[in-house]
Amino acid sequence: MKEYGSNGEDSIIYWIKSLALYIGIALLVRFFIFNITLVDGISMNPTLADGDRLITEKISLYFNEPKKGDIVVINAPDNSKDHYIKRLIGLPGDKIDLIEGKLYINDIVQEEDYINSSETLPYTYDTSWIVPEGEIFVMGDNRNHSNDSRTFGTIAMDQVIGISIFRVYPFNRMGKLN
């Protein structure tokens, strides 16, 4: 039986193989299971603040679609290099309406205790949307300061990168996200 480290060459080969294995595992975790997401901006205030660090899980998207209310990370439709963090508001088939500052989903007014405003206003002339199959409608919790589906429309489900589930920083606000 040969012992690793018995000579310099075997030891180097062992360490290179170990390092390659660890890097491979780290990349698999990073790209397919979860990653750390940095909040950049105020569009999700008061739920999330600029500089928050979140654990964003990806693996559940291979088996299930995200649910209403999930905080999702999406590829920015207006900038291919950026990602947005938004709340999932509407699923395929949902009718979204903004009437007199209130959000309606399928003709039911939504009670949203997590938003940073008493009103949800449209950004364009559009005040009503039907979410197509395979797409979602997203909005920021800071409704008056969020670039979201009110401006860029619905998002294809395959543009969802992950679901943010836990805040890891700042430590005094660490905890599960709802």
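Lysine 95 and aspartate 107 form a salt bridge (a Lys or Arg side-chain nitrogen within 4 Å of an Asp or Glu carboxyl oxygen), with their closest N and O atoms 3.2 Å apart. Lysine 95 lies in strand E5 (residues 95–99), and aspartate 107, twelve residues away, in the loop between strands E6 (102–105) and E7 (108–109); strands are DSSP runs of at least two residues, helices (H or I) of at least four, numbered from the N terminus. The model is predicted: local features need pLDDT of at least 70 and side-chain atom pairs pLDDT 80 or more, while totals for chains, interfaces and linings use all residues. Residues are numbered from 1 along each chain as its sequence is written, and side-chain values use heavy atoms, without hydrogens or water.

**Salt bridges**
- The whole structure contains eight salt bridges.
- Lysine 95 is partly exposed at 28% relative accessible area, whereas aspartate 107 is exposed at 55% (buried is under 20%, exposed over 50%, partly exposed in between; 1.4 Å probe, protein chains only).
- Aspartate 141 pairs with arginine 87 at 2.8 Å between the closest N and O atoms; aspartate 141 is in the loop between E9 and helix H2 (149–152), and arginine 87 is in strand E4, 54 residues apart.
- Aspartate 141 is buried at 0%, and arginine 87 is buried at 2%.
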